[in-house]
Amino acid sequence: MTATDWVASLSPWPEEFGLARMHSLLDALDNPQRAFPAVHVVGTNGKSTATRTIAALLRAEGLDVGAYTSPHVSGWHERLDADPDSFERAVARIRPAAEAVGATQFEALTAAALSSFAERRVAAAVVEAGLGGRLDATNVLDAPVVLLTNVGLEHTDVLGDTREEIAREKLAVVVPGAKVVLPDDEWRELVRDAHVLLGGAREAAEAFLGHPIEAQVGISLPGRLERRGPDEVRDGAHTPEGVAWLLERLEPRRWTIVASILRDKDANSMLERLSAAGRVLIATRSSNPRSLDEGELAARAEPYFEHVEAVADPAEALGRARAFGPVLVTGSLYLLADLHSTE
């Protein structure tokens, strides 16, 4: 079994959230997270795009920078911003230590990224949090700069029932004296021991460097407003706010929507918003075990769409949608990854 196959086989969810196992794993690896300063990216939507943008801005200033994002669409290597062979080596390096502590998939991936960055002796790393912040495996960085992209209701069973509770969980990664870049003043009171700036990815990169950056950079990520020819768009919007962001940038057409949504998301609100883009929805189910059954998703969509079908296989669902006209594939990055793997 290759290292990539091994990490793909691991459970993505811990029996209990916490950092003890992650610290044990990093101790066994000589604590690679201490080898470089980092920008830590937390939030609900747009984290991967922000992470890659910050990395690009820092690279434009001549720095060797590592970037770690999740989940992936084009393949596991996408998470480490690396090619498949480099990813294989990075995972193989940490595999014995990860197996010894019984690491989860995300813990192993995070350790692989941090270890790879340390081996490369990067000048900086930009690291996207996975779930929340306080108990996330990435909360081992003591990052001098933290960016909060936004806060929406998500993973309420783990992070809390209100936006404030979720914001607290996400901003718990902030260490005293750090620079924190917030989208606005809403959560300033939650980071009283930090130096607060308002902005986004550029402001975070500039806060890390301590001076303005003149360069203009453009990045693209699979599954983020990704255009597949003139009549197909794929975007991993997985919250109502993410759908709203998508619709603001989507040209008005009678889109046929292919969607898979995870059980812990606000599916009804997402479907209601998606109905503004088109009147036909093909409900499907990604390979993620947390995905709603396509029949249940179709039933939830009925009040919002003129025509709804349930097709279990994502590739078949996409083929069916293409028969209706322009296609928007959305609701989950896991769905987009499934489609990418079949092409």
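This is a predicted model: local features need pLDDT of at least 70, side-chain atom pairs count only at pLDDT 80 or more; totals for chains, interfaces and linings use all residues.
The N-terminal end of helix 11 is capped by D293, which places a side-chain oxygen 2.7 Å from the backbone nitrogen of G295.

At the start of helix 13, the backbone nitrogen of Y334 has a side-chain oxygen of S332 within 3.1 Å.

Let me turn to the sheet, which is open and is formed by 6 strands in the order 2-3-1-4-5-6, with parallel pairing. Strand 2 and strand 6 (195-198) stand at the edges and have a single partner strand each, so one side of each is left without a neighbour in the sheet. From one strand to the next, the twist averages 15°. Going into the pairs, strand 1 (residues 38-42) and strand 4 (residues 145-148) are parallel and joined over 4 bridges, and within this pair V42 has L148 of strand 4 as its bridge partner. Strand 2 pairs with strand 3 (residues 124-128), again in the parallel sense and over 4 bridges, and here Y68 stands opposite V127 in strand 3.

Is strand 2 (residues 65-68) covered on one face or both? Both faces are covered, since V65 and A67 on one side are buried, as are G66 and Y68 on the other.

The largest nonpolar core holds 35 residues, and the members that touch the most others are W6, V7 and Y68. Two or more residues of this core come from each of helix 1 (3-9), helix 2 (20-28), helix 4 (84-101), helix 5 (105-120) and strand 3, and helix 5 gives the largest share, at 8 residues. Apart from this core lies another, of 23 residues, which includes W255, L274, F305 and L328. As a general matter, nonpolar side chains tend to be buried together in soluble globular proteins.

I will finish with two residues close to the start of the chain. Setting aside neighbours within four places in sequence, W6 is in contact with M1, V91, I94, R95, A98, E99 and A108. A3, for its part, lies in helix 1. Why does A3 count as buried? Its relative accessibility is 4%, and the cut-off for buried is under 20%. With the sequence neighbours within four places again left out, A3 is in contact with E88, V91, A92 and R95. For A3 and A92, the C-alpha to C-alpha distance is 5.2 Å, although 89 residues separate them in sequence.

Methods
Residues are numbered from 1 along each chain as its sequence is written. Side-chain values use heavy atoms; hydrogens and water are left out. Buried means under 20% relative accessible area, exposed over 50%, partly exposed in between (1.4 Å probe, protein chains only). Two strands pair if DSSP finds at least two bridges between them. Axes are lines fitted to C-alpha atoms, for helices over the stretch in contact, and angles run from 0 to 180 degrees between N-to-C directions. A nonpolar core is a set of buried Ala, Val, Leu, Ile, Met, Phe, Trp, Tyr and Cys residues joined through side-chain atoms within 4.5 Å. Contact means heavy atoms within 4.5 Å. A polar contact is a pair of N or O atoms within 3.5 Å; within protein, one must be able to donate a hydrogen and the other to accept it, and residues adjacent in sequence count only if both atoms are side-chain atoms.
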